[in-house]
Amino acid sequence: MRGLCALRVIAPVKSVVRSCVLIPVNKTGRVHIQCLSTKMPTLSPPPQSLMKPMDFPQKLLMGPGPSNCPPRVLNASALPLLGHLHPEFTQIMDEVKAGIQYAFQTKNQWTVCVSGTGHGAMEAACTNLLEPSETVLVCENGLWGQRFADMCTRNGAVVQKIIKPMGQVFTLQDVEAGLQQHKPVLVFVTHGESSGSTLQPLEGLGQLCHKYNSLLLVDSVAACGGVPLFVDDWEIDAIYTGAQKVLSAPPGASPVSFSERAKNKVLNRKTPIRSYYFDMTHLANYWGCDGSARRYHHTGPISSVYAIREGLARLAEEGLEKSWETHRKCAEMLWEGAEKLGLELLVQEKANRLPCVTGIKVPEGVNWKDVSDYAMKTYKVEISGGLGAQAGKIWRVGIMGYNATPENVQKVLRALDEGLKSVRGNPRSQL
């Protein structure tokens, strides 16, 4: 049979699709129509759960994140969409970049938002700053050091660790010993370790790393905005945070900033960056950091950028010093209140406690979840449990951003007190 005629007719009849083609049958060019009927597949029904509105209970999120969003942030995320390269949107991006520089206290040119949650920012730092076979020193005192080490291994780096138990921090001597022994190109520390509720001192670490020709990378997801942070003065080379903690915005756009040292390391790589999506050379252009016309790299999370812009504006209006003071005062109120209830804090040294997330030890014989469930059922207050080595052993209470108020702290303490008395069969709290 020679080639088929170009004419093809598809005629649906109810659930039957009829496909007809014209087929030449002899040298005269005469044709006949051959039609084949096939039955359409049966459609699966639409999900009934989508046929009703979403159920939105009002909860007070006093765990390690996300925190509640103020109305102005939620309203911003509901604004009409703009094109991701429209001048009105790039203006908003520029405002976000300025807000990040303020929050980090840096003038770093390469300051952007990664399109993703804090894990995306962590992955961006890893894949840009490390090449295969390079050595990274991970200071691990909780979950986030473990996660970063995992990412480094997946990117082909050689991971060396110095390890402390959850609830403890690293000294300059600890880090210097690791630098001398392993000679890494990069050192990773967690500023606010939400799984262990520690606040890592950062002063002097940047200078120490540079003494040994290493870069310093800081995870400040659970700390930025709630505690003092001076990226330039402390010689931090790369840092990232999240939107859903102190900035009180929905997760989805995560601030990242690279120093000139970090930028030069990226630009002088011997191997390609393994992630196209997180390639800082592309992201820097998209965020207007390289002086060139912005090029299409990916479609930015437009509504998330609106939201984090308002979260950063709220922080700027309050002022960093005032925000740090508010978080400290609320945390001290929680610490004192917990101790009055006979509870013990995980971090013994007050200077090493993270004001944004507090670890409270679960008393012997108490199931942590029974108390957390009581708080949620009675007060609609979230109190989270521990992770990793502290799973089942601590509660974690977050005091971040919009939620950092004395009234919220008092509600948490009341819920803890009543919850403990409930599981022990005692009368209700008088708090």
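The following legends describe close-up views of a predicted model.

**View 1. Lys245 and the residues around this lysine.** In an unreviewed UniProt entry, Lys245 carries the feature "modified residue: N6-(pyridoxal phosphate)lysine". Lys245 is found in the loop that runs between strand β12 (238-240) and strand β13 (253-258). Because its relative accessibility is 9%, and buried means under 20%, Lys245 counts as buried. When residues up to four places away in sequence are set aside, Lys245 touches Pro64, Gly65, Ser67, Val221, Ala222, Met400 and Gly401.

**View 2. The open sheet of seven strands.** The strands follow one another in the order β5-β13-β12-β11-β8-β6-β7, and their pairing is mixed. Strands β5 and β7 (158-163) stand at the edges with a single partner strand each, so one side of each is left without a neighbour in the sheet. On average, and with direction ignored, neighbouring strands of this sheet are turned by 20° against each other. In general, strands of a sheet pair through backbone hydrogen bonds, either parallel or antiparallel. Here, strand β11 (residues 215-219) pairs with β12 in the parallel sense over three bridges, and Leu217 stands opposite Ala238 in β12. Helix α5 (residues 172-182) lies across β6 (135-140), β7 and β8, and this helix runs at about 155° to β6.

**View 3. Aromatic ring pairs, with Trp110 and Phe258 as one of them.** The count of aromatic pairs comes to six. In the pair formed by Trp110 and Phe258, the ring centres are 6.4 Å apart and the planes stand at 40°, so the pair is tilted. Trp110 lies in strand β5 (residues 110-115) and Phe258 in strand β13, so the pair ties together parts that are 148 residues apart in sequence. Trp110 counts as buried at 4% relative accessibility, and Phe258 counts as buried at 1%.

**View 4. The stacked pair of Phe148 and Phe188.** The two rings have their centres 4.3 Å apart and their planes at 10°, so the pair is stacked.

**View 5. A ring cluster, and a charge over a ring.** Ring pairs link Phe230, Trp234 and Trp324 into a cluster. The charged end of Arg353 sits over the ring of Trp335, at 5.1 Å from the centre of that ring.

Notes. Residues numbered from 1 in each chain as written. Predicted model: local features only at pLDDT ≥ 70, side-chain atom pairs only at ≥ 80, totals over all residues. Heavy atoms only, no water. UniProt positions renumbered as here; feature names shortened; annotations may be inferred. Helix = DSSP H or I, 4+ residues; strand = E, 2+ residues; numbered from the N terminus. Buried < 20%, exposed > 50% of the residue type's maximum accessible area, 1.4 Å probe, protein only. Contact = heavy atoms within 4.5 Å. Phe/Tyr/Trp six-rings, centres within 6.5 Å; stacked < 30°, edge-to-face > 60°. Lys NZ or Arg CZ within 6 Å of the ring centre and 35° of its normal. Pairing = 2+ DSSP bridges. Axes fitted to C-alpha atoms, helices over the stretch in contact; angles between N-to-C directions.
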